[in-house]
Amino acid sequence: MRTDARSADLFVVDDDPAVRDCLSLIFEQAGYRVTGFSDATAFLMALQQRHPDAVLLDFCLPGTNGLDVLQQIATRRFDGPVVMMSGRADIPMAVAVIQAGAADLAEKPLSSEGILDQVSRAIAKHARRHAERMDPISALGPGGASLLTPRERDVLQELVRGASNKEAGRSLGISPRTIEVHRARIMEKLGARNAADLVRVIYDERRFDAR
């Protein structure tokens, strides 16, 4: 998972060749590797074979719209960020495309600096989310993680990945009872009332967005 947007692989989907060429030039000059598509069909076919780091997608495409394309993207098991573009962007459209899975909505006419920033931020946010799924402790941030001992962090890693007390104990070489003791201390330190609340604390979106 790339965290440096300057070397990212970007798909640009827009039926206007002038817009597509302009965006390709902007991003290529910024260090991106850009592939352009003039319609949803060609884009979706390419997505079956190759997953870019991000997609820049026009809302109005021949024969379809951005919401339909977002649904089809999901069937290709692509979970990377999609930044939607529209010349008629407004709050209802923004809500609709974000709820449908887009990372952001960019309003045309686009500025070079603005669209570069939106795509870069979308890629960086997606990379952080991916890292947190791989390492849930990072979701706590420095303050929360510092409350836990190294052993408690090990136990928490096992628990948030779905391990039972017995499985966690086997993995860490300690007894299930010791796991229970560590778990109780972890929940007390993090202010979690139960196991479900503990997972919520780890993956609380407000913690993520505040950083």
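This is a predicted model: local features need pLDDT of at least 70, side-chain atom pairs count only at pLDDT 80 or more; totals for chains, interfaces and linings use all residues.
1. Basis. Local features need pLDDT of at least 70 and side-chain atom pairs 80 or more, while totals for chains, interfaces and linings use all residues. Residues are numbered from 1 along each chain as its sequence is written, and side-chain values use heavy atoms, without hydrogens and water.

2. Aromatic pairs. The whole structure contains 4 aromatic pairs (ring centres of Phe, Tyr or the six-membered ring of Trp within 6.5 Å; planes under 30 degrees apart are stacked, over 60 edge-to-face, the rest tilted). One of them joins Phe 11 and Phe 43 edge-to-face, at 6.2 Å centre to centre and 80° between the planes. Phe 11 lies in strand β1 (residues 9-13) and Phe 43 in helix α2 (residues 40-49), 32 residues apart. Helices (H or I, at least four residues) and strands (E, at least two) are DSSP runs numbered from the N terminus.

3. Phe 11 is buried at 0% relative accessibility, and Phe 43 is buried with a relative accessible area of 0% (buried is under 20%, exposed over 50%, partly exposed in between; 1.4 Å probe, protein chains only). Ring pairs also bring Phe 37 into a cluster with Phe 11 and Phe 43.

4. Helix contact. Arg 151, Asp 154, Val 155, Glu 158 and Leu 159 of α7 meet Asn 165, Ala 168, Ser 171 and Leu 172 of α8 (contact: heavy atoms within 4.5 Å). These residues comprise 4 nonpolar, 2 polar and 3 charged (nonpolar: Ala, Val, Leu, Ile, Met, Phe, Trp, Tyr, Cys, Pro; charged: Asp, Glu, Lys, Arg; polar: the others, Gly among them).
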